[in-house]
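Please keep the sequence and the 3D view open as you read.

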Amino acid sequence: MITKYVLASDPEKIEIRFNVTLDPSFELVPKNYGVSVGNTGYVITSENSNLLQPLRFGMTPFYSSEPMNLSSARAEGDKNCRNDPGYNGSRAIFLKPEFRKPIQSQRCLVIADAWYGWSERQKPHLFFLQNKNRPFVMAGIYDTWKNPESHEIVSGFAVITTVANELVHSIGVKRMPVILSRSGECQWIKSSAHLSDILRLLVQYPSDDLNGHPLSELANIPGFNDPTLLNPAGDRLKPEPHPLFTTKGYHKAYKEKGNSGVPWFNTEK
């Protein structure tokens with residue numbers, strides 16, 4: 001399950017990276033170091049693949065009689081309930097009533113810079129792509145729901161998850177988002193894509209291209225949104241030739257120059 005992620009890249013950078021234009025009819029989404037259900041994130045939909053749009057994190061199926069706020073959708077559907085990391089069976093998400101329509105015609109790219117995961121001992125960790133490869137894309141689906149009482153129209157999205165790869169599973173985290181490659185991004189929001197081709201994209205992202213580190217208990221505070229959320233509370237899961245996260249000394253020097261926030265977001269040109 002994915003319940004929190006990071007969206008801190010500037011909109012201009014996102015527009016350039018994905019060759020899209022921010023929908024001018026919406027307000028800018030502020031940087032959020034802990035996007036949670038009910039918050040707004042940026043997505044690119046299969047319906048409007050040239051636009052960057054803000055959308056609510058948490059999806060309610062169109063037929064529901066009450067709000068559901070689904071943050072995640074299992075790629076395997078009701079299969080692989082034990083989250084076997086070696087599972088290679090059917091991606092049966094299309095058999096779930098709440099996901100049957102969205103997976104076929106209402107897919108979206110969920111823009112992210114990192115995501116949170118909790119180990120079996122409920123220790124929070126931050127996971128990210130190596131070599132400052134951000135923002136990246138999590139595979140998502142979306143739907144629009146009409147409140148039967150207030151008649152309010154609510155559109156929201158959910159992130160598709162798969163079993164954790166070796167790196168993520170090594171600390172007891174069972175699930176991870178489906179992260180799409182550059183070619184996979186184009187395929188995912190191609191409205192004419194065949195379902196069988198879409199399901200082939202629902203695989204683990206390679207461990208070699210990921211890293212992570214533990215976080216403090218601040219990550220467990222609902223609604224807390226501050227750059228300090230991202231500060232490492234321990235070593236990275238594996239070394240990197242060019243560290244993404246800086247040392248405490250660099251943090252100090254960085255702040256003494258009048259900067260604020262977390263260097264790995266703010267120093268990049």
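Predicted model: local features only at pLDDT ≥ 70, side-chain atom pairs only at ≥ 80, totals over all residues.

Residues are numbered from 1 along each chain as its sequence is written, and side-chain values use heavy atoms, with hydrogens and water left out. The mean pLDDT (the predictor's confidence in each residue, from 0 to 100) of the protein chain is 89, and 89% of its residues reach 70 or more. Over residues 242-269, pLDDT stays under 50; for this stretch the model has 45 contacts (heavy atoms within 4.5 Å) beyond four places in sequence.

Now to the interior. A nonpolar core here is a set of buried Ala, Val, Leu, Ile, Met, Phe, Trp, Tyr and Cys residues joined through side-chain atoms within 4.5 Å, where buried means under 20% relative accessible area with a 1.4 Å probe, protein chains only. The largest such core has 57 residues, and those with the most contacts inside it are Tyr5, Ile111, Trp115, Phe157, Ile160 and Trp188. Strand β10 (residues 136-146) gives the largest share of this core, six residues. Another core, of eleven residues, lies apart from it and includes Tyr33, Phe128, Ala219 and Leu229.

Helices (H or I, at least four residues) and strands (E, at least two) are DSSP runs, numbered from the N terminus. In helix α1 (residues 11-18), the buried residues are Pro11, Ile14, Arg17 and Phe18. Seen down the axis of α1, they fall within an arc of 125 degrees (taken from the directions from the helix axis to the C-beta atoms), so they line one face of the helix. Among the elements covering them are β1 (4-7), β4 (40-45), β5 (51-57) and α4 (182-188). Just after α1, Asn19 takes a positive phi of about 55 degrees.

Strand β5 deserves a visit too. Five of its seven residues are buried, so β5 is largely enclosed by the rest of the structure. Strands pair if DSSP finds at least two bridges between them. β5 runs parallel to β2 (residues 21-22), joined by two bridges, and Leu51 in β5 is the bridge partner of Thr21. With β4, β5 pairs in the antiparallel sense over four bridges, Tyr42 having Pro54 as its partner, and a hairpin of five residues joins β4 to β5. Two bridges also link β5 to β11 (residues 153-163) in the parallel sense, with Phe57 opposite Phe157 of β11.

Notes:
Buried < 20%, exposed > 50% of the residue type's maximum accessible area, 1.4 Å probe, protein only.
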